[in-house]
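Hello,

The structure is below, followed by notes on what was found in it.

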Amino acid sequence: MTDQEILAGLAEIIDEIAGVPADEVTPEKNFVDDLDIDSLSMVEIAVAAQDKFGVEIPDEQLKDLKTVQDVVNFVSKNS
Amino acid sequence: MSNNDQAIVVVTGLGATTPLGGDVASTWSAMLAGTSGVQRLTESWVDTLPVKIAAPAAADPVAVVGRVQARRMDRCEQFALVAAREAWADAGSPTVEPYRLGVAVSSGIGGIGSTITAYDTLRERGWDRISPYTVPMLMPNGAAGWISIELGAKAGAHALVSACASGAESIGYGIDMIRSGRADVVVAGGTEAAIMALNVGAFAAMRAMSTRNDEPSRASRPFDKGRDGFVLGEGAGVLILESLPHALARGARIYAVAAGAGYSADAFHISHGSPDGGGVSFAMSAALKNAAVSPAQVTHVNAHATSTPEGDPLEARAIETVFGDSSSSVVVSATKSMTGHLLGGAGAIESVASVKALTDRVAPPTINLDDLDDEVTISVATKSTPLAPHPGVDGPMAVLNNAFGFGGHNVALVFTEYVPPAPEGSAEEG
């Protein structure tokens, strides 16, 4: 899966869970500061990402994933 | 400004979403027209249950709160937020110092739909697939929390839980918050969303519900000889309560005075009312005393009357006890005949109806009352009935709303017409 495909899939998840339009989900965005996503929604996003990409994101890793690019990198590296 | 003024609490906003309509105006006009909100349910789970009817909300709350916020909120929380937004806008969206704005909104059961969904998810897919929002969705104080966040209400957000008296008890608590000086404005009410298999099955197991499945609109029939139990409804009602000085200072439109509340506990049985109605009449008398209103001022009672064989005559006896000789001139309405029983939302939407009855001077009908129970000798309105102050009675016209809950909780609320102060110069300065 290319980074572009991961980004598109992630944007779809974030739209569904947090209502952020897909075109606003760009790599440099910070989940908390830019996309207004709280920790509970981050858990939902991580679980949905696990289903979509087949990559488990452990809790201790999740707290270090601050930006959209961080998640794309994590998925890309572990898939 | 005297201390007495500060103790006066007025109603400056109303909100409701009910089986009859998505707001107060549509609910009230359907009520006056004698419309039933009860229908045959089409969900497949009714196949296994003896009860196949209910009164679902007329408007989908998701359409109002929005998809993303709705997925973090139980349906009962969504209803409460919808009603709170309407009430707040109706009150003119006042600017209130955050620590002077409170919330008292509850439900009888809490987010039972979310609890059931989460348990299904737990069993079928495991703990890590449960929504991380499940706890705030199932807690019965969730609605109060969401409303406080929405409005920035920091004086305290409370959820008074007393089964089907919860909504009324919350309004009583809201009155007290203002009287005790904790708040200038309180968003108060109740909500419920419990039309699902577990709850219907559980109430059916108590033999508490109507099984008149073939005639849904005729099933809820308080005080009628043919009544066979209550019909479950859903929705929410919210009042904006405000101290009179605060309301006057901002030029608010005043619907009524939230004059007082009275409470009692039957201390008898966990789900049966005390047959002598003593607890119920005590709560009504206590509310009148708390409101400094004489029984003769009361022209209308919105009864709790749920259409159960046992409960309705008990309340009727209590109304007779409290109003004595004047009970025949009190117009009693049982609006659950149209809305079904909203449990924790009941006392709240019926308080909205009571305030509307007072301001429009008309009592809504009790539908399906074809054959009055022989034990019931009070005057139950079968059609919309004009209200007028009883001749020769001092003090403003008053209405009373009853709400009782399993556990033995009895709550009565009294609302009176607001009489503006005499023009300046015509009264002595205090």
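Which domains does the domain assignment of chain B give? It gives domain 1 (9-249) and domain 2 (261-416), the bounds being those of an automatic or database domain assignment.

On conventions: this is a predicted model, in which local features need pLDDT of at least 70 and side-chain atom pairs count only at pLDDT 80 or more, while totals for chains, interfaces and linings use all residues. Residues are numbered from 1 along each chain as its sequence is written, and chains are lettered from A and ligands numbered from 1 in the order in which they are written.

Domains of chain B. The C-alpha centres of domain 1 and domain 2 of chain B are 21 Å apart. In contact (C-beta atoms, placed from the backbone, within 7 Å) are 60 residues of domain 1 of chain B and 56 residues of domain 2 of chain B. On the domain 1 side, the largest share, seven residues, comes from α9(B).

Chains. Seven residues of chain B are in contact with six residues of chain A.

Helices of chain A. Helix α1 (residues 3-18) and helix α2 (residues 39-53) of chain A pack at about 135 degrees with axes 10 Å apart; helices are DSSP runs of H or I, at least four residues, numbered from the N terminus. Axes are lines fitted to C-alpha atoms over the stretch in contact, and angles run from 0 to 180 degrees between N-to-C directions. Residues making this contact include A:Ile6 and A:Leu10 of α1(A), and A:Ile45 and A:Phe53 of α2(A).

Regards

Methods:
Two residues are in contact if their C-beta atoms, placed from the backbone, lie within 7 Å. Helices (H or I, at least four residues) and strands (E, at least two) are DSSP runs, numbered from the N terminus.
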